[in-house]
Amino acid sequence: MRLCRRCAALLLIAGAGLAACRLGGAAPLQPFLAQLSAQAQAGDLLFRHGTEAISQLVRSVDAGDFSHVGLLVAPASPSGPWRVVHATPSEKPGQPDAVVLDTLDFYLHPQRARSYQLYRVAASATARQQAVDWALGQQGRAFDLLDAERGLYCTTLVWQAWRHGGVALEATFTEVMLPLLSGRYLLPDGLRRAPQLQALTPVLPVVPAP
């Protein structure tokens with residue numbers, strides 16, 4: 001029964017992207033990513049509307065624009081890439097369903113994303129770093145919708161990270177009542193509408209590769 005409940009959960013609320021073999025090149029994205037990176041700060045929330053059919057199921061439950069969210073991680077060196085820490089079903093061969101760290105170009109590649117929106121939490125640099133450090137410390141922790149002690153899913157990773165940064169985001173949990181899945185869940189739109197978040201961009205399309 002647990003396996004059935006978990007499968008139902010993944011189909012209804014999981015972050016976008018179960019395509020394990022889609023690792024297409026990032027070169028066509030570079031100008032687009034450079035513009036986004038110029039606006040970004042560590043700890044910003046990057047919401048994503050995925051390309052998979054599962055993302056449409058997520059959005060039908062949530063009735064929002066997005067199906068997934070991650071936390072931005074600043075480059076480790078001046079020439080390094082921006083990265084995103086997020087809790088997700090596997091998007092790479094051999095990768096478990098877990099909290100993972102991906103480059104920005106992988107996270108927003110047209111094979112995985114249709115659109116995005118960048119949000120900021122008004123907080124000090126210290127709070128930002130604390131939030132990011134906590135999220136990075138969760139790498140490898142299981143992606144799990146049903147057992148909060150065992151794992152996390154995309155929105156709860158971000159929500160808890162900012163709590164560890166000293167900011168309690170006033171997010172709205174949604175009561176889901178389904179035959180194989182019921183309970184209170186933090187869906188992407190419930191997090192996005194927290195009053196502490198400020199939109200830095202409108203909802204923008206991801207530029208597809210030519």
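**A predicted chain, from its surface to its nonpolar cores**

The chain exposes about 9,200 Å², of which carbon and sulfur atoms supply 56%; accessible areas come from the Shrake-Rupley method with a 1.4 Å probe, and for residues only the protein chains shown count as cover. This is a predicted model, in which local features need pLDDT of at least 70 and side-chain atom pairs count only at pLDDT 80 or more, while totals for chains, interfaces and linings use all residues. Residues are numbered from 1 along each chain as its sequence is written, and side-chain values use heavy atoms, with hydrogens and water left out.

The mean pLDDT (the predictor's confidence in each residue, from 0 to 100) is 83 for the chain, and 80% of its residues reach 70 or more. Over residues 1-27 pLDDT stays under 50. Where pLDDT is low, the predicted coordinates should not be read in detail.

The secondary structure comes to seven helices and nine strands. Both are DSSP runs numbered from the N terminus: helices are H or I with at least four residues, strands E with at least two. Of the 210 residues in the chain, 52% are buried; buried means under 20% relative accessible area, exposed over 50%, and partly exposed in between, with a 1.4 Å probe and protein chains only. Among contacts between residues at least 6 apart in sequence, 71% join residues at least 24 apart.

The interior may be approached through its nonpolar cores. A nonpolar core is a set of buried Ala, Val, Leu, Ile, Met, Phe, Trp, Tyr and Cys residues joined through side-chain atoms within 4.5 Å. The largest has 37 residues, of which Leu 45, Leu 71, Leu 157, Trp 162, Leu 169 and Leu 191 touch the most other members. Strand 1, strand 2, strand 3 (83-88), strand 5, helix 5 (125-137) and helix 6 each supply at least two residues of this core. Its largest share, six residues, comes from helix 6. Leaving aside neighbours within four places in sequence, Leu 191 is in contact with Leu 45, Phe 47, Val 69, Thr 155, Val 158, Leu 169, Ala 171, Leu 186 and Leu 197. A second, separate core of 14 residues includes Ala 40, Leu 72, Trp 82 and Leu 118.

Helix 6 (residues 154-164) is mostly covered, with eight of its 11 residues buried. These are Cys 154, Thr 155, Thr 156, Leu 157, Val 158, Trp 159, Ala 161 and Trp 162. Just after helix 6, Gly 166 takes a positive phi of about 90 degrees.

Rings of Phe, Tyr and Trp (its six-membered ring) pair if their centres lie within 6.5 Å; planes under 30 degrees apart count as stacked, over 60 as edge-to-face and the rest as tilted. By this rule there are four aromatic pairs. The rings of Phe 47 and Phe 66 have centres 5.8 Å apart and planes at 40 degrees, so this pair is tilted. Phe 47 lies in strand 1 (residues 45-50) and Phe 66 in the loop between helix 3 (53-62) and strand 2 (68-73), so that the pair links distant parts of the chain, 19 residues apart. Phe 47 is buried, at a relative accessible area of 0%, and Phe 66 is buried at 2%. Phe 47 also forms an edge-to-face pair with Tyr 119, at 5.5 Å centre to centre and 75 degrees between the planes. Here strand 1 is linked to strand 5 (residues 113-121), the two residues being 72 apart. Tyr 119, like Phe 47, is buried.

A charge sits over a ring if NZ of Lys or CZ of Arg is within 6 Å of the ring centre and within 35 degrees of the ring normal. Arg 48 lies over the face of Tyr 107, at 4.6 Å from the ring centre, and the charged end of Lys 92 sits over the ring of Phe 106, 4.7 Å from its centre.

Finally, some loop residues are covered. Gly 64, in the loop between helix 3 and strand 2, is buried with a relative accessible area of 13%. Gly 64 and Asp 189 are 125 residues apart in sequence and 5.4 Å apart in space, C-alpha to C-alpha. His 109, in the loop between helix 4 (104-107) and strand 5, counts as buried at 6% relative accessibility.

How values were computed
Contact = heavy atoms within 4.5 Å.
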